[in-house]
Every structure is written in C-alpha cells, then in structure tokens.
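Subject: Structure for your review

Dear colleague,

Please find below the structure that I am handing over to you. The findings follow directly after it.

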Amino acid sequence: MARITWRGHSSQELLSLCRLRWSYMKHCWHSLTFNAHMNSSYASDVCLTPIFWFVDNYTHCLGPFFVVGVAALTTSVVSIAYWIGLPFWWAKSQLVTYFLLVVGNWLLLNVIFHYVMAVITPAGNPPEGVSLVEAVSMCGKCIAPKPPRTHHCSVCNRCILKMDHHCPWLNNCVGYANHRYFFLYMMYTTLGCLFLILAGLEIGHKYLWLDHGESWTEVEPLEGQPVKFNLSGHIIPVTHPNEYDDFMLPPAVHNLPTPLVDTDAPSPGRRRALWFMAFTLVSVVLALGSLSIWHAKLITRGETSVESHINEAERKRLLQQQRIYINPYNFGTKKNWKLFLGLVRGRSFWRTVLLPSWHRPEGTGLSFHTVHDAPFEDEWP
C-alpha cells in the first residue's frame with residue numbers, strides 16, 4: 001500500500017504538523033486577548049456594541065414617531081369597526097349590537113386611558129441632593145447612589161426606579177410609577193383585538209372567504225356571423241332573423257334565468273380595509289399577547305425584565321455552589337399581583353383594574369420590603 005507523501009513528509013507527519021500549528025495559533029490568540037473577565041457574554045457585548053450605540057442614540061429620537069404610529073393604527077382599526085362592523089350587526093340584530101357597543105367601548109376606554117398614562121407618567125428617578133437611607137451601589141454614569149431595584153437607562157441617560165425596560169412604543173421608560181399602566185395597556189389591547197376578531201368572524205367569512213361581489217363580466221364580447229350545418233355537413237350563414245327554416249314560424253323565446261346581483265357585497269375599498277384589519281389584529285394578538293404572557297410570568301415571580309436576567313445569573317452561580325437562590329421580592333403569586341396592581345388599602349379589583357384608575361403605586365420606590373423582613377400586613381408598606 002502506497003503512502004501519501006508531500007516534500008518528504010508522510011500523511012501522519014503532516015497531520016501532526018497541522019495540529020501543532022493550530023495549537024500554536026490558539027496559544028498566541030489567548031495570550032493576546034487574555035483577561036480574567038473574558039467570557040462569551042463579554043465577547044457578545046463587544047460584537048453588539050454598534051447596535052447598542054444606535055439604540056442608545058436614536059431610539060429616543062424615533063420615539064415620537066412610534067407614539068404617532070400607535071395612535072394612527074388604533075384609530076384606523078376602530079374606524080373600520082364602526083364603518084363596516086356596526087352597520088352589519090345593526091342589520092342582523094340590534095340587541096347584539098348594543099352588547100357589542102358596550103363591551104367594545106369599555107375595552108377602548110381602557111386601552112386609551114392606560115396607553116396615555118403610560119406615555120405621560122414618568123417612571124421615577126432617584127432624588128438629587130438627598131441622602132438615601134438605603135443604597136445598594138453607585139451608578140457609574142450618573143455618579144450617584146442607586147436605590148434597590150434601580151438601573152440606569154442608556155436611552156434616557158438617567159437612573160430609573162424599579163426599571164423594567166425602555167419602551168420605544170411609549171417613548172418612555174417602564175418603571176416604578178407606570179409599570180401598571182404599561183401592563184394593563186397590553187392586556188386590554190390584546191383583549192380588544194380578540195374581541196374584534198370574534199365579532200368580525202362572520203363578516204370576514206361572508207365578504208372575504210366566500211368572495212362575494214366578484215360578479216362575472218364579459219371582457220371581450222363575442223363577434224362573428226351565426227351559421228348552421230346542412231345534411232351534407234356544409235356551413236351555411238344564417239341571414240334571416242328566424243331560428244327555423246319555416247318562414248311563417250315566429251322566433252323562439254327563451255326564458256333563461258338572470259343572475260342576481262349581490263347589492264350587499266362590499267366595494268373593493270371595503271375589502272381592502274377588511275384585509276388590513278384582519279392582518280393587523282392577528283399580528284397584534286400574536287406579538288402583544290406573547291409579551292403580555294411573559295410580563296405576567298415576571299409579575300407572578302415578583303421581578304422585572306432586568307431582574308429576571310440578574311436573578312437567572314445569580315441562580316446559576318449559587319447552583320454551582322449547591323445553594324438555592326431566593327428572590328427577596330417574591331412574596332407569592334397572590335401577594336405579588338396585589339402589590340403590582342395596587343389592590344391594597346381597601347381598593348377593589350372591579351374599581352381598580354376593570355375601570356380606569358389613577359392611583360399611584362404604594363411607597364416611594366426608594367426602598368422595598370423583602371421576604372427577609374418581619375411579617376407585615378397586606379396594606380404595604
């Protein structure tokens with residue numbers, strides 16, 4: 001069996017040489033980039049630095065356009081519902097129409113109220129020039145002490161109390177003072193879109209699925225000379241108006257059915273509006289519905305979006321030490337939701353959640369009770 005050689009080296013020697021070169025290059029790379037803090041997360045942050053720079057510098061500028069876009073999209077969907085849906089249901093059943101109007105306008109009122117409040121309500125910032133009783137660290141960008149659960153927003157360029165995230169659709173940070181408005185806006189918007197989908201299923205099936213209104217029209221009328229065949233098979237042009245050879249017979253009369261024209265069929269403009277509405281509603285339900293479910297899970301665990309990543313990293317770190325991490329702000333599902341929605345001091349669910357409410361969250365956002373504190377009443381703090 002012949003051995004493969006190259007410049008006097010066998011295949012095994014070539015393979016060993018390649019491995020040696022590869023090992024040498026790796027050692028050179030590690031020696032040039034060695035850092036005690038180097039890991040995959042740090043390398044990813046370095047690669048994504050241009051994207052972070054763009055977000056930090058331009059998200060704040062694009063925020064007003066996002067707010068106008070949300071308002072325009074909501075207005076267009078509601079206008080189409082009144083333009084097409086209301087006459088349809090009024091002709092079908094006036095009692096059902098009254099029910100749809102009450103439920104639909106209740107959802108619309110909550111959507112508008114919570115969105116406006118989430119936009120105009122500041123999330124909350126640590127006070128300046130005031131000594132804080134409790135501070136967990138110093139902000140390297142603000143050069144100021146940070147209260148618990150406070151994080152720096154690179155878009156707003158300031159620290160935010162109990163920061164969740166910066167939302168470009170609100171042109172505002174979501175934090176301590178407006179987190180409830182943000183979540184209820186998402187929830188009511190998702191419910192409103194589902195309501196419009198259910199109310200418009202029959203309209204979509206009738207005007208979009210069955211394709212009504214597409215009546216047949218003759219684009220190119222038939223032209224030519226009427227003819228008939230004789231017994232020998234020759235073609236003879238028909239020159240007299242009668243349909244039969246006997247001149248004395250009157251012309252035949254055919255009572256053919258005339259196709260009915262659907263006067264209730266929507267115009268092309270209405271069909272396009274229905275398609276636009278269907279696509280918009282389904283997209284919002286999928287996107288905003290998924291986000292609402294995720295935030296609901298965070299609220300159930302008593303944490304924000306920022307804290308979920310921090311707690312997960314801490315949980316993995318302590319797991320390696322065979323220890324269990326306990327979130328200090330997780331008081332259980334029921335109490336977490338009551339604190340988040342402000343269902344304390346005698347506030348009811350019907351008045352506080354099902355109807356618009358201006359109440360602020362309890363406390364100042366500078367300090368929070370933890371599970372390690374002494375037992376306290378539901379009227380927290």
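Cys167 has a relative accessibility of 7% and therefore counts as buried, the cut-off being under 20%. The model is a predicted one, and it contains 0 disulfides. Cys167 accordingly takes part in none, and the cysteine sulfur nearest to its own, that of Cys173, lies 9.5 Å away. Cys159 is likewise in no disulfide; here the nearest cysteine sulfur belongs to Cys139, at 3.5 Å.

Cys159 leads on to Thr150, one of whose contacts it is. Thr150 sits in the loop that links strand S4 (144–146) to strand S5 (151–153). Leaving aside residues up to four places away in sequence, Thr150 touches Pro126, Cys159, Ile160, Leu161 and Lys162. With 3% relative accessibility, Thr150 is classed as buried.

Lys162, another of these contacts of Thr150, belongs to the loop between strand S6 (158–160) and strand S7 (165–167). Its phi is near 45 degrees, which is a positive value in a residue other than glycine. Is Lys162 buried or exposed? At 19% relative accessibility, Lys162 counts as buried, because the class takes in values under 20%.

Gln322 also has a positive phi, of about 60 degrees, although it is not a glycine. This residue is placed in the loop between helix H8 (305–320) and H9. Its relative accessibility is 77%, so Gln322 counts as exposed.

I turn next to the helices. The axes of helix H4 (residues 94–120) and helix H5 (residues 179–199) come within 8 Å of each other and cross at roughly 150 degrees. Since angles over 145 degrees count as roughly antiparallel, H4 is roughly antiparallel to H5. Their crossing is left-handed. On the H4 side, the residues in contact include Leu100, Trp106, Phe113 and Met117, while those of H5 include Tyr181, Leu184, Tyr188 and Phe195. By class, this contact of H4 with H5 comprises 17 nonpolar, 5 polar and no charged residues.

Val116 also lies in H4. With a relative accessibility of 39%, Val116 counts as partly exposed. Val116 and Tyr181 are 65 residues apart in sequence, yet their C-alpha atoms are 8.7 Å apart in space.

What is the angle at which the axes of H5 and helix H9 (residues 333–341) cross? These axes cross at roughly 105 degrees and come within 9 Å. H5 and H9 are therefore roughly perpendicular to each other. His179, Arg180, Phe183 and Leu184 of H5 make this contact with Trp337, Phe340 and Leu341 of H9. The residues of the contact of H5 with H9 divide into 5 nonpolar, 1 polar and 1 charged.

Finally, some totals for the chain. The secondary structure comes to 10 helices and 10 strands. The chain has 381 residues, of which 30% are buried. Among contacts between residues at least 6 apart in sequence, 63% join residues that are at least 24 apart.

With kind regards

Conventions. Residues are numbered from 1 along each chain as its sequence is written. This is a predicted model: local features need pLDDT of at least 70, side-chain atom pairs count only at pLDDT 80 or more; totals for chains, interfaces and linings use all residues. Side-chain values use heavy atoms; hydrogens and water are left out. Axes are lines fitted to C-alpha atoms, for helices over the stretch in contact, and angles run from 0 to 180 degrees between N-to-C directions. Helices (H or I, at least four residues) and strands (E, at least two) are DSSP runs, numbered from the N terminus. Angles under 35 degrees count as roughly parallel, over 145 as roughly antiparallel, 65 to 115 as roughly perpendicular and the rest as oblique. A crossing is left-handed if the near helix is turned anticlockwise from the far one by less than a right angle, and right-handed if clockwise. Contact means heavy atoms within 4.5 Å. Ala, Val, Leu, Ile, Met, Phe, Trp, Tyr, Cys and Pro count as nonpolar, Asp, Glu, Lys and Arg as charged, and the others, Gly among them, as polar. A disulfide is a pair of cysteine sulfur atoms within 2.5 Å. Buried means under 20% relative accessible area, exposed over 50%, partly exposed in between (1.4 Å probe, protein chains only).
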